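Notebook open, structure on screen. I wanted to look up the charged pairs and then the strands.

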Amino acid sequence: MSERVVLGATGLDVSPICFGTWQLSPRFWLDQSKQDVLEAMNAAFEGGINFFDTADAYGDGYAETVLGEFLAGKPRDDWIICTKVFSHFNPDGSRYPDLSARHITERCEVQLQRLGIETIDLYLLHAFDLLTPLDDVACAMDSLREQGKIRHYGVSNHTLEQLRAQRRFGSYNVVQPAYSLLSPGIENDLLPYCQEQNIGVMVYSPLHSGLLSGKYDGTEAFDDFRKYHADFQGERFKTIAGAVRSLLPIAQKYGLSIYQLVLTATLMHPAIHVAVVGIKSPGQIREALGAMGKTIEREDYFAVRKALEIDGSGKLRDATGQVK
């Protein structure tokens, strides 16, 4: 039987590994082989993954289109689909934030058509809109739910205070924040709140854009957005890559790759239900599948955490905010 977790108060039964599609954004990840991604989606389904994450911003709709192509003709009850709304797209390719009720409604219709489905299982606000009144946003989401166009809704890229404010007006029962063992800051505020409120948590970039996969030695060069990322530059890149590779003995102890060890440790946090993993090939998803249902001993978990304390960024903090 496939591994499943309940995504907080939504009651959705989802695989703890979610197939992410951000990689289908050429301006971040350059062009990817659509055939490879389609084959990876198939490998994911065959391996027990039923949860797929996308957004209208990924390739300006391209990711949703590819996912819709894959879903065509497949039993709808076999899939849980999450997508997101936020940007208003101009004909020249520029974009700006827009969570007005009219825009949310219009975008949802377009997204349903791209995906080839009648109902989106989980609809997220991709970021926080400074201009739209929060009650207007919630009313739009509730209206879509009443019409049967979405089942549940939540937020992505929100701070704890932004989430609290949103929840005064609507049933935002899922959050999708950035999180990795190298950058675990939300453990100090957002994750405890979500655990207390039974909010589903699906973290993205758990492998820190691939840096925690164990495949780098710190000398590699990148053509995609990582060439501008400080963690992939110079001595810092070498330091982090070395720390990650030092995890190999712990991984081998459990018959895991470093990639699988990091996903396993990530999913051990009691507030985290799902890790969204960007997949480019069938081999990557098959490796990710090896982390589902796994666990490691407490001592080894904290050994992993300690190894990834780079410049104090991965250290836990006490109630005073001091690094421990």
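**Salt bridges**

I counted 17 salt bridges, taking a salt bridge as a side-chain nitrogen of Lys or Arg within 4 Å of a carboxyl oxygen of Asp or Glu. Keep in mind that this is a predicted model: local features need pLDDT of at least 70, side-chain atom pairs count only at pLDDT 80 or more, and totals for chains, interfaces and linings use all residues. Residues are numbered from 1 along each chain as its sequence is written, and side-chain values use heavy atoms, with hydrogens and water left out.

Helices (H or I, at least four residues) and strands (E, at least two) are DSSP runs, numbered from the N terminus. Buried or exposed? Aspartate 56 is buried at 0% relative accessibility, and arginine 107 is buried at 15%. My cut-offs: buried is under 20% relative accessible area, exposed over 50%, partly exposed in between (1.4 Å probe, protein chains only).

Next I checked arginine 305 and glutamate 187, which meet in a salt bridge at 2.9 Å, N to O. Arginine 305 sits in helix H12 (residues 298-307) and glutamate 187 in the loop between E10 and H7, 118 residues apart. Arginine 305 is buried at 4%, and glutamate 187 is buried at 13%.

Then I looked at glutamate 235 and lysine 238, a salt bridge of 3.8 Å, N to O. Both lie in helix H8 (residues 234-245), 3 residues apart, about one turn of the helix. Glutamate 235 is exposed at 57%, while lysine 238 is partly exposed at 40%. I also noted that Arg76, Asp121 and Arg151 are joined into one network by salt bridges that share partners.

**Strand E10**

How many residues of strand E10 (residues 172-176) are buried? I got 5 of the 5, so E10 is largely enclosed by the rest of the structure.

E10 pairs in parallel with strand E9 (residues 150-156) over 3 bridges; pairing takes at least two DSSP bridges between the strands. Valine 155 has valine 175 in E10 as its bridge partner. On the E11 side (residues 200-204), I found 2 bridges, again parallel, with valine 175 opposite valine 201. The chain crosses from E10 through helix H7 (residues 190-197) to E11 in a right-handed β-α-β crossover, meaning that, with the strands pointing away from the viewer, the path from the first strand over the helix to the second runs clockwise.
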